[in-house]
Amino acid sequence: MNSFKYKFSSEIEDEFLDNYFTKSLNTTRVAFLILAAMYSLFGYLDVLTAETFLKQFLQIRFLIVVPLLLFVFAISFTKAFNKFWQELLFFAYIVAATGVIVMIVQLPSDSLYSSGFMLIFFSGSTFIKLRYLYSSLAGWISIIIYNFLAISIFKNDIDIVLTNNFFFIGANFIGMFASFHMEISDRKNFDLLRQLEYKNSEIRDINLSLEAKVKDRTDSLMVKNIELNNEILQRNIIEKKLEKAKERAEQADKLKSTFLANMSHEIRTPMNGIIGFANLLTEAEDEDELNEFINIIVNSGEHLLNLINEIMDISKIEAGILKLEIQTFNINELTKEVNDMFEMNNDVIEKNLEFSYNNGKDHDFFISSDRMRLKQVLVNVVNNACKYTERGSVKFGYRISDDIIEFYVKDTGIGIPEEEQNFIFERFMQVTLSSNSVDERAGLGLAICKTYLKIMGGDIRVKSGLGNGSEFIFHIPLDIDDQQKQIDDNE
Ligand code: ADP
């Protein structure tokens, strides 16, 4: 606000005037009703004092001023009132004042009407909400009208005119002073309210941005928290994996040492057999003994060869250079070959085992896989079944389900204790764990089988219990792509 002129810049000034109008409207309406009532009531004084001018005075009151005041009251309910209300009030002021002035100049010695004029000064500058500039101007114009009429037209006594002027000018000054201060305090209040609102909106903005910042921070903290939790989780998983890997590495290391120690023993046993009995060949007493020695040498040789083959396989697997040779073949032919092989098997014949097999398909059924290795797995598992079964039966076969071919080898042998079932497929495990070693094999067979099956995309498991026989079940996918994928992964 311009502190000298007490006027706002035009945009704010408009806002102030609007605000001033809204605040003043009701007061103005009430003021005009009261003024109309007072202007009418003072007509009673006319009846008492203004005998000759009674008619004229009453006409001024009831034909001009009171209707004008009521007209302003009525028009204050229209929308357009805001646009010219101050001018209208100004005009009503002048008209009401002129009405009284006409009465004063006609009855100059009657101080009643001068007092009425004073009331108009006071109500004009305070009551009816006329702004400072308009009320001052209206006051001065009324005084000029009075002087003009009193001196020039009605030739009143100059003493009375002078006395009246003292009062009128004094009253107008007091009115000006009052309306000036009212307007100034209105403007100050308005200005303070605006500043307050501005500060409030600033505080609101700051609050909003603070809230947004807090929300951002909370969000990013939450994200960080989740990330940290994930990281902790990952670390825990890695730690556990590392611990497991360490345990396995330590175990593998221990087992490898044991394996090596056992291997040298395993190899030495058939070697001693070969060399010892080869030396004895010349000393054989008869042909039977000679044949017996030769038999032992051949068996020991075969055993040694078998052992070396297994060690070779294990080395290839360990070095990761094992390659599958996929071909398409009739699975029923393969099962027959295995069956023929075991019908002549020593264990089967000596222990009089009931040996049989069952094909999942009666007709020729072709699959694609590494025939040699699949046969090696089947032979190995069937061989174990015959080896670890003292009496009863050994049955094997396969079934086709969905996209896999599943083999089973079921025996009525000694069975495997539950606690050992997890270990029999582990490399190097047999040698250390087996408590029921029937022969001198190295305990690599099932570990090799499992590795082959894994490479072919399959797996092996056992269902058994000590003394209840065992059933080994293994499968490979029928889809050649699944096998190939497994091979690629291994490479
Ligand atoms: P091994 O050369 O000793 O037969 P394998 O890896 O073929 O080695 O077998 C591991 C061990 O699993 C065997 O020593 C034996 O204790 C147990 N086992 C395997 N097959 C059978 C079975 N059909 N019945 C009972 N035990 C079995």
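The structure, a predicted model, holds 25 aromatic pairs. Rings of Phe, Tyr and Trp (its six-membered ring) pair if their centres lie within 6.5 Å; planes under 30 degrees apart are stacked, over 60 edge-to-face, the rest tilted. Two tilted pairs are set out here.

| Pair | Centre to centre | Angle between planes |
|---|---|---|
| Phe 117 and Phe 121 | 4.6 Å | 40° |
| Phe 355 and Phe 396 | 5.9 Å | 45° |

Phe 117 and Phe 121 lie four residues apart in helix 5 (residues 111–127), so about one helical turn separates them. Both are buried. Buried means under 20% relative accessible area, exposed over 50%, partly exposed in between (1.4 Å probe, protein chains only).

Phe 355 and Phe 396 link distant parts of the chain, 41 residues apart. Phe 355 is in strand 2 (residues 354–358), Phe 396 in strand 4 (residues 393–401). Helices (H or I, at least four residues) and strands (E, at least two) are DSSP runs, numbered from the N terminus. Phe 355 is buried at 14% relative accessible area. Phe 396 is buried at 1%.

Ring pairs also join Phe 8, Phe 16, Tyr 20, Phe 21, Phe 81, Trp 85 and Phe 190 into a cluster. Phe 8 is also in contact (heavy atoms within 4.5 Å) with Glu 13. Glu 13 sits in helix 1 (residues 10–41) and is buried at 5% relative accessibility.

Residues are numbered from 1 along each chain as its sequence is written. In this predicted model, local features need pLDDT of at least 70, side-chain atom pairs count only at pLDDT 80 or more, and totals for chains, interfaces and linings use all residues; side-chain values use heavy atoms, without hydrogens and water.

How values were computed:
Lists of a residue's contacts leave out its neighbours within four places in sequence.
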